[in-house]
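I opened this structure for the first time and kept short notes. The entries follow the order in which I looked things up.

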Amino acid sequence: AGTGSFSTAKTIAASKAALEAGADGVMIVMPYYNKPTQAGLVQHVLAVAAAIPKTPIVLYNIPGRTSIDLGVDATVTIFERAPNVIGIKDATGNVTRCQHVINRLGDRVSVLSGDDALTLPMMASGARGVISVTSNLYPKEVSEVCRLANAGNFVEARAKHLALVPVHDVMFIESNPAPIKAALAARGRMHATVRSPLVMASDEARAKVLATIDRFEGRA
């Protein structure tokens, strides 16, 4: 369950509520808007980890949406001091970051790509998979890329990954999750509505999304 917020107290409360509701673990995004220092980020995560010590925690680092970046040194400190922090969703868009984290922490960390298009490059450096947008539409195809890469079959993984790249790209032509919801709605799986202040995909974006997934599925 995603329980992160800009407030440590609210993150702890939301995490406990999620666990009471049946969640097996939580993912906490780095605090947005208030722009804490690296020391503040460490303190935030350690406080949450201490409040739910038996719960697996995945960190979520997405500077493009939070305006704060959890650096390598701070990441290492957190993993060294909080045993229940088990992974990090890396949406920095920087494959080098993944390499530095894995080089410092090894098997102690499960790095998961936060950008579909970077899944295979990051897995080549030691990431173990992806927390994906595209997999909401194509779970089998995305998971197959990860399965092949984890098995060391990078030739086949690359071919399947490259086939998905146009789909990955079109899912971000407007703010996520509007494009993926448009795609899912077109396939009859959900409504395309999003919560304000987001808006549904524009007509132009929707047309591009549908044309892309039609080509991927061999309908066009």
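**Entry 1: Thr212**

I found the backbone oxygen of Lys208 2.8 Å from a polar atom of the side chain of Thr212. I note that this is a predicted model, where local features need pLDDT of at least 70, side-chain atom pairs count only at pLDDT 80 or more, and totals for chains, interfaces and linings use all residues. Residues are numbered from 1 along each chain as its sequence is written, and side-chain values use heavy atoms, with hydrogens and water left out.

I placed Thr212 in helix α10 (residues 203-216); helices are DSSP runs of H or I, at least four residues, numbered from the N terminus. Thr212 is buried at a relative accessible area of 8%, where buried means under 20% (1.4 Å probe, protein chains only). Beyond its neighbours within four places in sequence, I listed Pro166, Val167 and Val170 as contacts of Thr212, a contact being heavy atoms within 4.5 Å.

**Entry 2: His168**

I looked up His168 in helix α8 (residues 154-170) and read 4% relative accessibility, so His168 counts as buried. Its side chain makes a polar contact with the side chain of Thr134 at 2.8 Å. A polar contact is a pair of N or O atoms within 3.5 Å; within protein, one must be able to donate a hydrogen and the other to accept it, and residues adjacent in sequence count only if both atoms are side-chain atoms.

**Entry 3: the core**

I read 53 residues for the largest nonpolar core, a set of buried Ala, Val, Leu, Ile, Met, Phe, Trp, Tyr and Cys residues joined through side-chain atoms within 4.5 Å. Helix α2 (residues 38-51) gives this core its largest share, six residues.

Notes
Buried < 20%, exposed > 50% of the residue type's maximum accessible area, 1.4 Å probe, protein only. Helix = DSSP H or I, 4+ residues; strand = E, 2+ residues; numbered from the N terminus.
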